[in-house]
2 protein chains.
Amino acid sequence: MTEFKSNIRTIEWIDNVSRMVDQTVIPYEFKYVDIETGQQMYDAIQTMIVRGAPAIGIAGAHGVALYALELEKENLSNPDFIEKLIEKSNYLISSRPTAVNLRWAVEKQIELVKNTQSDIKGIVQELIENGIKLENEDIEINKKIGDFGAQIVPKGATILTHCNAGALATVGYGTALGVVRSAYAKDNTIQVFADETRPRQQGARITTFELVMDKIPVTLITDGMCSYFMKKGMIDLVVVGADRIAANGDTANKIGTYTVAIAAKYHNIPFYVAAPISTIDLRIKTGEQIPIEERSHEEVTNINGKRICAEGVNIINPGFDVTPNDLITGIITEIGILKPEEILSKVSKQNS
Amino acid sequence: MTEFKSNIRTIEWIDNVSRMVDQTVIPYEFKYVDIETGQQMYDAIQTMIVRGAPAIGIAGAHGVALYALELEKENLSNPDFIEKLIEKSNYLISSRPTAVNLRWAVEKQIELVKNTQSDIKGIVQELIENGIKLENEDIEINKKIGDFGAQIVPKGATILTHCNAGALATVGYGTALGVVRSAYAKDNTIQVFADETRPRQQGARITTFELVMDKIPVTLITDGMCSYFMKKGMIDLVVVGADRIAANGDTANKIGTYTVAIAAKYHNIPFYVAAPISTIDLRIKTGEQIPIEERSHEEVTNINGKRICAEGVNIINPGFDVTPNDLITGIITEIGILKPEEILSKVSKQNS
């Protein structure tokens with residue numbers, strides 16, 4: 001078993017393949033898989049071999065480069081190459097509808113293709129290099145998020161998190177867990193409570209794995225327990241990641257986040273979202289407009305391949321929910337901690 | 001596989017044994033086990049072969065009768081018999097600390113023993129008959145709870161429930177699911193949303209099983225999803241059972257209930273508790289005083305025998321939480337629907 005280190009790369013472009021940690025087998029196994037074609041990337045994103053909004057952004061950028069490598073072999077004219085590549089890129093975006101980073105990164109690649117003067121061989125090379133650049137930037141961004149976030153973590157705090165917004169949800173370091181890592185580097189008396197996060201259990205499987213490997217104390221709780229520990233005064237703040245943030249600060253994140261946010265509000269506990277600016281979608285005014293992915297029923301009815309309920313039961317399996325801006329204390333980004341109402345002005349400025 | 005019918009008895013005294021449905025194997029198997037000794041009853045309660053506050057009340061009454069049958073063979077003097085039986089009864093009560101029905105039923109038996117003029121043989125017979133009487137009363141009480149509760153279920157309503165407060169949590173019919181059954185008998189357009197209820201998954205394993213067998217439409221959701229469906233307007237009311245209700249209406253129930261109650265309040269959705277008067281503990285003023293059972297860590301870390309998280313994680317596993325009275329719309333009992341502030345006057349009157 002390969003050893004996990006928090007400075008590993010969850011996804012990395014190496015020798016014309018996208019090498020990624022297979023997140024479906026954690027914590028039982030820690031292994032890499034090499035994604036060699038665009039279709040393999042589509043499948044890897046959809047089946048969650050790679051997951052986490054920032055990580056699937058990079059996966060999208062790599063996926064465009066993989067499609068470009070395939071199309072390069074078809075001896076197409078330059079316009080045909082570009083047309084086909086855009087078609088494939090849009091298909092790649094459709095693999096997971098909620099996290100906006102996927103679209104953001106794929107569109108970065110398409111923009112490059114539209115603006116370059118290079119020939120096909122040159123375009124392919126530029127796409128690969130741009131993917132690697134986005135990889136490197138992701139880690140730098142996460143460290144900035146972590147450093148800003150560490151400022152709002154009280155001494156000896158217990159931080160509750162939901163799902164996994166860690167090194168394994170990004171290229172490395174993490175967003176919500178980036179805040180934890182930066183805070184822990186300054187104060188090793190902090191600790192984490194991790195929600196299991198049914199149905200896919202990313203909190204149990206991935207967050208506990210990351211934190212145990214980093215020797216940061218972590219307590220696993222079931223999703224319904226959060227209020228019990230909040231009432232007891234055992235949770236000082238909540239920090240979660242995000243899949244898409246609307247212009248008004250409404251935040252889509254893993255299903256169950258909204259319930260935690262309501263419980264935090266009820267107990268007057270600060271609730272923070274940690275995410276890169278690329279997760280903010282200014283084209284979307286409020287959370288109402290964020291598409292929510294409906295996932296397979298088996299994620300709810302089965303665990304580790306075994307059914308946990310009666311046959312004949314109905315299932316609805318929304319992968320995400322939207323936490324309204326009035327439940328969010330602040331959004332921790334690489335440009336600082338923003339109040340939801342500051343997003344529009346500060347992020348527009350940043351992008352201009 | 002024995003067929004489940006909602007008119008089955010979950011626990012029944014037959015030929016000097018306590019026959020009960022083994023709830024640890026549902027929905028994979030539906031089978032009865034015969035409990036033949038007091039110690040077996042202690043173990044059956046603790047390992048949750050029998051669970052649900054009203055059902056473990058009856059299990060306690062049967063357990064005292066089983067201990068009496070054993071002590072009868074020891075040729076003790078009448079005072080020694082009574083002393084030893086009381087000692088065994090107190091041991092039985094300690095098997096699960098939160099649900100008060102266990103103590104309530106065992107104390108009913110001890111009261112009988114203390115007040116009777118019969119010889120040992122007579123006492124044993126009276127304990128058995130009293131156990132059977134409590135069994136029969138439980139079903140009658142649940143039907144009354146169901147009928148009162150049905151009055152507050154709007155036409156075509158969707159009822160969210162947590163854990164299992166059904167036929168399998170009682171001798172038969174159920175408390176929260178008794179309300180569902182009575183409502184469904186009048187209006188077959190109602191439906192149920194069942195929380196999975198980690199860690200033991202009684203909602204997934206037992207509630208979906210009961211309702212599918214009764215052909216009442218049921219949708220299984222994970223514990224974190226409740227707020228998502230509330231926000232969408234898909235939940236009309238919440239009805240849950242109870243393990244102990246304090247004099248002020250604060251209610252201990254399966255862990256996760258408090259989170260659902262907060263979410264219901266946030267969305268202005270009525271939140272009802274359905275429970276017999278025997279679940280109300282007037283000796284306890286507020287929920288602060290209710291002992292919360294801490295259960296095995298494996299319930300959180302393992303599902304179906306397989307670990308779901310990293311080694312080295314911390315666990316705290318409270319079996320119950322307390323929902324404060326101000327989150328409770330009403331408590332549906334066999335004497336009517338009580339507001340939390342009415343408990344003290346109405347229940348004292350009933351008991352006097």
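Tutor: Let's begin with a term: contact means heavy atoms within 4.5 Å. This is a predicted model, in which local features need pLDDT of at least 70 and side-chain atom pairs count only at pLDDT 80 or more, while totals for chains, interfaces and linings use all residues. Residues are numbered from 1 along each chain as its sequence is written, chains are lettered from A and ligands numbered from 1 in the order in which they are written, and side-chain values use heavy atoms, with hydrogens and water left out.

Student: OK, which domains is chain A divided into?

Tutor: Chain A is divided into domain 1 (11-142) and domain 2 (146-351), with bounds that come from an automatic or database domain assignment.

Student: And how many residues of each are in contact?

Tutor: In chain A, 31 residues of domain 1 are in contact with 35 residues of domain 2.

Student: What area is buried between them?

Tutor: About 2800 Å² is buried between domain 1 and domain 2 of chain A, and carbon and sulfur atoms give 52% of that; buried area is the accessible area (1.4 Å probe) that two parts lose on being put together, summed over both. R51(A), T98(A) and N142(A) supply 24% of the area that domain 1 of chain A buries against domain 2 of chain A, more than any other three residues.

Student: Switching topic, how many salt bridges are there across the interface?

Tutor: The rule finds 3 across the interface of domain 1 and domain 2 of chain A, where a salt bridge is a side-chain nitrogen of Lys or Arg within 4 Å of a carboxyl oxygen of Asp or Glu.
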